[in-house]
Amino acid sequence: TCEYNYVLSCISCEPRVLSLQNILSLILFLLPASALTTGIYMIFSTKPEMATQEVQPNETLTNLKAESDTLKTKLEDERAKLHDVELHQVAEKVDGLGQFIMKTRRTLKGHGNKVLCMDWCKDKRRIVSSSQDGKVIVWDAFTTNKEHAVTMPCTWVMACAYAPSGCAVACGGLDNKCSVYPLSLDKNENLAAKKKSVAMHTNYLSACSFTNSDMQILTSSGDGTCALWDVESGQLLQSFHGHAADVLCLDLAPSETGNTFVSGGCDKKANVWDMRSGQCIQSFETHESDINSVRYYPSGDAFASGSDDATCRLYDLRADREVAIYSKESIIFGASSVDFSLSGRLLFGGYNDYTINVWDVLKGTRVSILFGHENRVSTLRLSPDGTAFCSGSWDHTLRIWA
Amino acid sequence: IRHYVMAQTNSYRQSSNGVADESPNMLVYRKMEDVIAHMQDETNGIPVRTVKSFLSKIPSVFSGKIHFFIVTVKRLEALHLGTLMAAHGYFFPISDHVLTLKDDGTFYRFQTPYFWPSNCWEPENTDYAVYLCKRTMQNKARLELADYEAESLARLQRAFARKWEFIFMQAEAQAKVDKKRDKIERKILDSQERAFWDVHRPVPGCVNTTEADIKKSSRMKQPHKTRKSVYGLQNDIQSHSPAHTPAPEVKEPTEEEIRDQIQHWQAQLDRHRLKMSKVAESLLSYTGQYVEYDPFFTSPEPSNPWISDDITVWELETSKEPGQQRVKRWGFGINEVLKDPVGREQFLKFLESEFSSENLRFWLAVQEVKKRPIREVPTRVQEIWQEFLAPGAPSAINVDSKSYDKTTQNVKDPGRYAFEDAQEHIYKLMKSDSYSRFLRSTFYQELLQAKKKVNNWLRRPDV
């Protein structure tokens, strides 16, 4: 009872004026002694300096580290030298965009829990979506009919993808795997029976994508790696190491000739990879928190990212730097998913504040804010012919916007 | 009407490695708390007052017309952000369990910092049971349990049947203490406590803002900061939730890793970079060129299926007769003709009519190999070699000697990329030679003019 009394007296301080004294006594009481220092640091800074038992690094290591840092600074200088103008300045000569009328044209209801991922079929109307309750559903989004449904043996199916032929879908999540299900024309056939396990990671599967063929899948994982797999044999064709933390997203370059893709991770880095060699050929680190989504600009010369720091950014591969930031003071929740319109003029961003913000890519301004979802927007993709985009949300629904 | 520009995010909190270690949730909480601080500012903040209502007083409230204090030009957006902040528990309507911000005259109260989500609350069901039990002991109509709360209490009674006596005692003790407190203070505290539970045990149908993205929650960096016990009760449950694994120790990079890093920086430095002005022009020109193909800018002919429910435009695309707009697009660059199956077909047709199709057929064959299962690759590679590159090949292509030598080597141990160099060389040839001939040919020009339609002028989507 006396504990409760104390707690009450702490809570009931005049809420507008919580003095430092009050905060201190509150924390002093509630935290165990060992965490005391941590508690106080919590007010003043965000990270307590953890005293690490460090062995003194030897000479070579220190010198190497210094060399590495010098090169990094030099690189930043080189990049900065070519920054002679801002994108939005050059874009001043382009006409501004008027009001867009974008509405929800279809609402797909049927998932029993949070929608986590979706992908379009090349036929421009079918989609596959996956959810926290383990269900993967294939829809004809045009008619809103469900055509296939699979129940995965795990919850949190965070990734799904449609095969280029339209004859199969891939999915995975907390099971650390990516599995491929051929889609049968016979609706009664049990899809789960034909399941093929392709990828094996050591942590959750965050994203997957077929390359330009049904025979290869590219995956990213919470184990910090990306990997390319041969679907038929399950053989690992190439692995990609370089992220220092979970990889959350990936996107293949839209080129007929190139073999590259970009990935984003919890290490705040966006890496561009050579699929053939497994090498990281370019790296960008300007976000202040996890990168949840990456998507190529349609020409393949640039890509956009969406992050928990509440910004979306544009990186150009030829300039080798970040070239635009899409943000607003009133947007404080993270961006979970991004995609471009067909011409690259618009960037659609799904956010954790339940909204979709539409950005003018060239001018850097926000063109529209779309309300409708009743919980976080977790996934967003433009349809293959650019006539609409689909958003999936924690509110269990998917919406088609045009 | 006073408009406020939100102060720049307190940099002291985010710089100096603060950002590096803040989990995504914390980032958002800090930003919301900045807004709260602004709203609670002594001089410029929202006036909080005691309102006289019928026979009693309502202490410490502010009216719902506060959206001006949340920075943004659009009212709808401000209300939405305000609703989110209420849903996270930073302030709450005094007469509703449902946490939203409405722009009517209803009253709201600030939540005490003790209950802020940034304190990493994960209250246990035992605490919730004590709370609900305590509520039933208070003989006030306004404190009566809502239906969903009564259901929860019944469930908890079943679940905690064995320790219910203990829970009951706690509730009783707390109720006793509460009775002795100042009436006004009680009102405020009760509402704040209720609002806390509205966040952590929301009304069915309302969003539970404490739900976390499992990808992020499994990375909780400071599990000892998690607060599970609201009332200082002893818990026999472990203090760390099983979902929280301690963050891996940040390892010092090894010598090899640093050497790799140095190599990486060096390779980056050697890269050829373009000036921003050039890059910007290129982005502008690409967008400008494709805007007439972008359905968000130029309505497709005859209509956008999603808007009109008419799928004619999709039916037209599957027909073998390419429309004029589509043919025009092939002229933008060789990639456009290569990625459109009809374009590829027409390009091939043209080259065959000139008896010069071997380059394109080679290129297509190599693309195909990369799409096959790995098992089929060695055979296919041999087939391609025989057809296009071997001495006396029926469709001999001309490759520079360097690529030829490399390819000869590759074919001995055939992988998916055996023909990469040769393919690159052929691609450049096609781009400069075959492709330009194609565009200039009567074959292509006739296709371009085949359907004499009026051009689509750039216009707004027709809704």
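Select A:K124. This residue is buried, with a relative accessible area of 15%. Keep in mind that you are looking at a predicted model.

**Stop 1: the partner of A:K124.** Which side chain meets A:K124 in a salt bridge? Select B:E317: the two side chains pair at 2.4 Å, N to O. B:E317 sits in helix α13 (residues 312-318) of chain B, while A:K124 is in the loop between β2 (115-120) and β3 (126-131) of chain A, so this pair joins two chains. B:E317 is partly exposed, at a relative accessible area of 29%. Side chains of opposite charge can pair when their charged atoms come close.

**Stop 2: B:R273 and A:D320.** Select both. Their side chains form a salt bridge of 3.0 Å, N to O. Why does this pair join two chains? B:R273 lies in the loop between α10 (255-270) and α11 (276-290) of chain B, and A:D320 lies in the loop between β20 (312-316) and β21 (321-326) of chain A, so the bridge runs from one chain to the other. Are B:R273 and A:D320 buried or exposed? Both are buried.

**Stop 3: a bridge inside chain B.** Move to B:R361 and B:E387. Their side chains meet in a salt bridge at 3.8 Å, N to O. B:R361 belongs to helix α17 (residues 358-369) of chain B and B:E387 to helix α18 (residues 377-389) of chain B, so the pair ties together parts that are 26 residues apart in sequence. B:R361 is partly exposed at 28% relative accessibility. B:E387 is partly exposed too, at 27%.

**Stop 4: a network.** Now select A:E232, B:R372, B:R375, B:E376 and B:R380 together. Salt bridges link these residues in a network. Over all chains, the structure holds 43 salt bridges.

**Stop 5: two packed helices.** Show helix α5 (residues 125-136) and helix α8 (residues 183-200), both of chain B. How do they pack? Their angle is about 135°, and their axes are 12 Å apart. That angle makes α5(B) oblique to α8(B). Their crossing is left-handed.

Next, show the side chains at the contact. From α5(B), pick B:D127, B:Y128, B:Y131, B:K134 and B:R135. From α8(B), pick B:E193, B:R194 and B:W197, which they meet. Colour the selection by class. The contact has three nonpolar, no polar and five charged residues.

Terms used: Residues numbered from 1 in each chain as written. Chains lettered and ligands numbered in written order. Predicted model: local features only at pLDDT ≥ 70, side-chain atom pairs only at ≥ 80, totals over all residues. Heavy atoms only, no water. Salt bridge = Lys/Arg side-chain N within 4 Å of Asp/Glu carboxyl O. Helix = DSSP H or I, 4+ residues; strand = E, 2+ residues; numbered from the N terminus. Buried < 20%, exposed > 50% of the residue type's maximum accessible area, 1.4 Å probe, protein only. Axes fitted to C-alpha atoms, helices over the stretch in contact; angles between N-to-C directions. Parallel < 35°, antiparallel > 145°, perpendicular 65-115°, else oblique. Left-handed = near helix turned anticlockwise from the far one by under 90°. Contact = heavy atoms within 4.5 Å. Nonpolar A, V, L, I, M, F, W, Y, C, P; charged D, E, K, R; others polar.
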